[in-house]
Amino acid sequence: QQRFGQRDHRYRCCCDHRNAGFRYPIATSDPGSYNSTVMALSPISYWRLGETITGPLVDSGAIGNDAVNNGIVLNEPGAINGDGNGAIHVDTPGYIEIAHDPAYALDNGTVQMWFKVESIGGVQTLFSKDATTFGSGGHLNISVENSGQVHVRLQSAGSDNTVTSPSAVGAGQRYHLAFSFG
């Protein structure tokens, strides 16, 4: 059973780019410590997405919930300068499928990712843990909207909670996004 919605939640979404005037700094030139910094946070799941051959997308986090590659392009240039660990390119109809695990039923946490959109226009889903009804809650969707703004929807067992970035992202630029809840 998912536990979202059992208490009031606070939401924060920050989308940072080094040259876009946002106030949250990001590291883009420290490949040696990025992975160790993330792992020091003891993530439930962490998909680096640096695989170079087709196969499972390795979850280096605590539960080891490897993901399935459904048509994504591997070994693209990554967001961290000097890091030989590549990134992925997702184009319709490609996606990554991650099986549900009870460890994802959280009252609080953070979902973070690096992303870059090639163009603005049309809704572009970055992350979705969703269902077709409210169910037991715990549904989370992060997307870039037609306007270029990042939109986050967190659904509990009985309500929708949303937050939208005050500024739009730009096409062709890399961003670090972190959504914290709880």
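Strands β7 and β8 pair in the antiparallel sense over 5 bridges; two strands count as paired if DSSP finds at least two bridges between them. Within this pair, Q124 stands opposite V144 in β8. The model is predicted: local features need pLDDT of at least 70 and side-chain atom pairs count only at pLDDT 80 or more, while totals for chains, interfaces and linings use all residues. Residues are numbered from 1 along each chain as its sequence is written, and side-chain values use heavy atoms, with hydrogens and water left out.

The two strands belong to an open sheet of 4 strands in the order β7-β8-β9-β10, with antiparallel pairing. At the edges stand β7 (124–129) and β10 (160–168), each with a single partner strand, so one side of each has no neighbour in the sheet. From one strand to the next, the twist averages 10 degrees; axes are lines fitted to C-alpha atoms, and angles run from 0 to 180 degrees between N-to-C directions.

## The chain overall

The chain has 1 helix and 11 strands, taken from DSSP runs numbered from the N terminus (helices H or I, at least four residues; strands E, at least two). Along the sequence they follow the pattern β-α-β-β-β-β-β-β-β-β-β-β.

Of the 182 residues, 34% are buried, where buried means under 20% relative accessible area, exposed over 50% and partly exposed in between, with a 1.4 Å probe and protein chains only. Among contacts (heavy atoms within 4.5 Å) with a separation of 6 or more, 53% join residues 24 or more positions apart.

## Two nonpolar cores

A nonpolar core is a set of buried Ala, Val, Leu, Ile, Met, Phe, Trp, Tyr and Cys residues joined through side-chain atoms within 4.5 Å. The largest has 15 residues, of which F115, L140, I142, V150, V169 and F179 touch the most other members. Two or more residues each come from β6 (109–115), β8 (139–144), β9 (149–155) and β11 (175–181). β11 gives the most, with 4 residues.

A second, separate core of 5 residues includes L49, L57, A67 and L74.

## Two residues with positive phi

L49 is not a glycine, yet has a positive phi of about 60 degrees. L49 is found in the loop between α1 (31–40) and β2 (68–70), and counts as buried because its relative accessibility is 19%.

N75, also not a glycine, has a positive phi of about 60 degrees. N75 lies in strand β3 (residues 73–76) and counts as partly exposed, at 43% relative accessibility.
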